[in-house]
Amino acid sequence: MSGYEVNFDGLVGLTHHYAGLSFGNEASTQHRNSVSNPKLAAKQGLLKMKALADMGFQQGVLPPQERPHLPTLRKLGFSGSDESVLAQAMRTSPRLLSALSSASSMWTANAATVSPSPDSQDGKVHFTAANLNNKFHRAIEAETTSSVLRAIFKDEQYFAHHDALPQVALFGDEGAANHNRLGGDYAKRGVQVFVYGKQEFGGESAPTRYPARQTREASEAIARLHQLHEQHTVFLQQNPAVIDQGVFHNDVIAVSNQQVLFHHQQAFLHQQQGLDQIRRKMASLETELVAIEVPTSRVSVGDAVATYLFNSQILTKADGKMMIVVPEESRQHPGVWHYLSEMVASGGPIDEIKVFDLRESMRNGGGPACLRLRVALNGAELRAVNPRVMMNDTLFATLNDWVDRYYRDRLVQEDLADPQLLHEGRAALDALTSILGLGNVYPFQQ
C-alpha cells in the first residue's frame, strides 16, 4: 500500500468536567455534575495513542484549546482583571462559565473535514475547520482549530486550508464525525460520503426530539471548497428516528475504513438506495463495497448508543486484515460483545478486536472515534507533516510528564472560577506548543 491513514487524537484538556452541555448526547446529559478526573482522562487518551503507534499505525497528537475562554467572556460583557471576569461569570452565570470551560476540543472527529489529495481536483489535501454552531461551547473552537491545523500541515505545496463555514444554522457543520471515505489504497481516489441530519432547503424530513447538527447545505459547500469530483461524492441523510434516540452524529451509528462500511440497520434514511449509490460509484473506481450491516434484532439503537459500538475505529493492519477498536463499554455488554466476537470469527475483513478504557471520555459522550481525526496521506505528504506531533516513545514520555506537572486529578464546576486553574492551563499550553513545535496558536500567546 502506497498511502497511510494517520489518526490525530485530541489531548484531553485541563478543564475536562461533566457539565451536560450537549443536548442530544445522552451520555453527556446523564453524567452532568459528576466529579471528573482530567489527569486520568488525558492519560487514558495517551495510552490509546501509544498502543496504536506501537502496533505500527501512524498516530499524531492534537493539542487542547485554552479554557476557560476569557476572550468570549469579555465579549459577553464581563470586565476587569482575569480573576474578576471569572468571579463575575461564576456568580451571575455558572452555566455560561461551564460552557466556556468545556474541554470538548478533545473530540477531534469534530475538528474538521479532510479530503485527501487524490480526491481533490487540485491534488492537495484539503482541511475545513468545523463551525460546530449547534452548540455554543463548541462554536468557539474553529479559530484555534484552524491555527493548529495550519501549524501541523504547513506546506502549501501539499495542504490547503479553509476557514469554517458561516456561523448560521443553514451551514451547520460537525466535521469528520459526519463524513466517511470509502475505497482501496489510501493514496488512490475514493468515494467521499457526507452524512447530514437535515436539509434546510426543501428537505424531506428531520428529527423532532433532538437537533440535526449537520445540514446538507454545509456538506455540499465543503465538497465545493475541497474541489471534489461529483461522480465520486455521495450525500446521505441520517435516519431522523435514530437521531431522536441519541445518535447525534453519524459516527455513533456507522464507521468506515477503505472498502468496509460497518453500520446499523437503521443508520440512514432510504438506506438501500444510498448503499446502491455508493456501490456504483466505488465500482467506477474498481473497488467493491463491503457493507457490514448490524441488524436491530442483534443490537438495538439504544444499545449501540450506550456502548458506542459504532463509535469505533477500524484500522488496516500490515497483513491487510482489519482491527476494530472499541471502548470497554462494548465488552461489558453481553449482546454487543457476542456480536463482535461472532463478526471477527466469521472470516470477514475484520478479524481482531482491541479494547480501550476511555471511561472519562465516554461519560462525556465521546468514544474512540470521537477522539481522532483521520487524515489520508501519501508518503511525501506524510513527510511534510510537522514531525513533532507524531507519537513515539519520547513524545509519550514527555506528554505524560507534562500531564503529571499540570493536570488536576479532581474537578467540579466550582473549580472553574479558580484563577489558579486558568494560570495552570496557560502555563501548560505554553509548554505544550513548545513540545509540539506549533508556535503561538492560542489567543493568550498573541
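Modeller: Before we start, helices here are DSSP runs of H or I with at least four residues, strands are runs of E with at least two, and both are numbered from the N terminus. Also, this is a predicted model.

Colleague: Fine. In the loop between which two elements does His270 lie?

Modeller: His270 is worth a look, as its phi is positive, about 50°, although it isn't a glycine. As for its place, the loop runs between β10 (260-264) and α10 (271-283).

Colleague: And is Leu132 buried or exposed?

Modeller: Leu132 sits in the loop between β4 (125-129) and α6 (136-139). The cut-off for buried is under 20% relative accessible area. Leu132 has 2% relative accessibility, so it counts as buried.

Colleague: What does omega come to at the cis peptide bond between Arg67 and Pro68?

Modeller: Pro68 is found in the loop between β2 (59-62) and α3 (70-75). The bond joining Arg67 to Pro68 is cis, with omega about -5°.

Colleague: Now helices α16 and α17: how is α16 oriented relative to α17?

Modeller: The axes of α16 (residues 393-406) and α17 (residues 419-436) come within 10 Å and cross at roughly 170°. Angles over 145 degrees count as roughly antiparallel. So α16 is, relative to α17, roughly antiparallel.

Colleague: How many of the residues in that contact are nonpolar?

Modeller: α16 brings residues including Leu395, Leu399 and Trp402, while those from α17 include Ala428, Leu432 and Ile435. In the contact, 1 residue is polar and 1 is charged, while the nonpolar ones number 10.

Note on methods. Residues are numbered from 1 along each chain as its sequence is written. This is a predicted model: local features need pLDDT of at least 70, side-chain atom pairs count only at pLDDT 80 or more; totals for chains, interfaces and linings use all residues. Side-chain values use heavy atoms; hydrogens and water are left out. Buried means under 20% relative accessible area, exposed over 50%, partly exposed in between (1.4 Å probe, protein chains only). Axes are lines fitted to C-alpha atoms, for helices over the stretch in contact, and angles run from 0 to 180 degrees between N-to-C directions. Angles under 35 degrees count as roughly parallel, over 145 as roughly antiparallel, 65 to 115 as roughly perpendicular and the rest as oblique. Contact means heavy atoms within 4.5 Å. Ala, Val, Leu, Ile, Met, Phe, Trp, Tyr, Cys and Pro count as nonpolar, Asp, Glu, Lys and Arg as charged, and the others, Gly among them, as polar.
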